[in-house]
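Here's a quick tour of one chain, part by part. Have the sequence and the 3D view open as you read.

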Amino acid sequence: MKTTAPPRILIAPIGDVDPQLPAAVGREIRRVFRALPEVRPLLSDLSFAFDAGREQYHSTPVLQRLAEASPPEALRVLALTDVDLFIPILTHVYGEAQLGGAACIVSTHRLNSGAETLRSPSIAVGRVVKEAIHELGHTFRLRHCPDAACIMHYCRSESDVDRKSNDLCRYCRVMLDDELRRLGKRASARF
């Protein structure tokens, strides 16, 4: 009887990332996606994505490089960084993901501002964890949810992130479970 190992999601720190973040994100990866987290740096430098005019990093090229660098045994890869990210149509983003793709990224840069994070660093960690699970959700084909409590709800501010829960709503949970089953069948067909 052949048993298959649980899928692995790589957490790839880039830059000066708080060392407690990968562990905190990893716990939620286990809970939400039922996958094994593995911390492994994939990119060491993001200068290729720096936009001097904006003094920010364009996240889309980073996603492309992450997907290319991702090992075949990884179900998904999540990069954590401290640089300020943007996409051309927005002033900044907390993160970005390839919808249904292999890679996503989250930045701590704008999620740890404000006096409340100085008083309680766990607030900043909680925000990063929520946004990491949110961006990973997109890689599993989940879209933004209208339920303000759902972790897949779109957030415009840190206070929006603080208000949403750590969980998927019932609808998004069903969608994720369907996608995980589909991926599981596809993976077992390869062996």
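## Ala 49, tucked into a loop

Ala 49 counts as buried, because its relative accessibility is 4% and the cut-off for buried is under 20%. You'll find Ala 49 in the loop that runs between strand S2 (36-39) and strand S3 (50-51). Keep in mind that this is a predicted model.

So what does Ala 49 touch, once residues up to four places away in sequence are set aside? The contacts are Gln 56, Tyr 57, His 58 and Val 62. Ser 59 is 10 residues from Ala 49 in sequence, and their C-alpha atoms are 7.1 Å apart in space.

## Helix H2 and its covered face

Helix H2 spans residues 59-69, and its buried residues are Ser 59, Val 62, Leu 63 and Leu 66. Look down the helix axis and these buried residues fall within an arc of 100 degrees, so they line one face of H2. One of them, Val 62, is also on the contact list of Ala 49.

What covers those buried residues of H2? The cover includes a run of strands: S4 (56-58), S5 (74-81), S6 (85-86), S7 (95-97) and S8 (103-107).

## A nonpolar patch on the surface

Now for the outside. Ile 89, Leu 90 and Tyr 154 make up a nonpolar surface patch, and together they have about 300 Å² of accessible area.

Ile 89 sits in the loop between S6 and S7. With 75% relative accessibility, Ile 89 counts as exposed, since the cut-off for that is over 50%.

Methods
Residues are numbered from 1 along each chain as its sequence is written. This is a predicted model: local features need pLDDT of at least 70, side-chain atom pairs count only at pLDDT 80 or more; totals for chains, interfaces and linings use all residues. Side-chain values use heavy atoms; hydrogens and water are left out. Buried means under 20% relative accessible area, exposed over 50%, partly exposed in between (1.4 Å probe, protein chains only). Helices (H or I, at least four residues) and strands (E, at least two) are DSSP runs, numbered from the N terminus. The arc is that of the directions from the helix axis to the C-beta atoms. Contact means heavy atoms within 4.5 Å. Patches are made of residues with over 30% relative accessible area and no salt bridge: like charges are joined within 9 Å, nonpolar side chains (Val, Leu, Ile, Met, Phe, Trp, Tyr) within 5 Å. Accessible areas come from the Shrake-Rupley method with a 1.4 Å probe; for residues, only the protein chains shown count as cover. A salt bridge is a side-chain nitrogen of Lys or Arg within 4 Å of a carboxyl oxygen of Asp or Glu.
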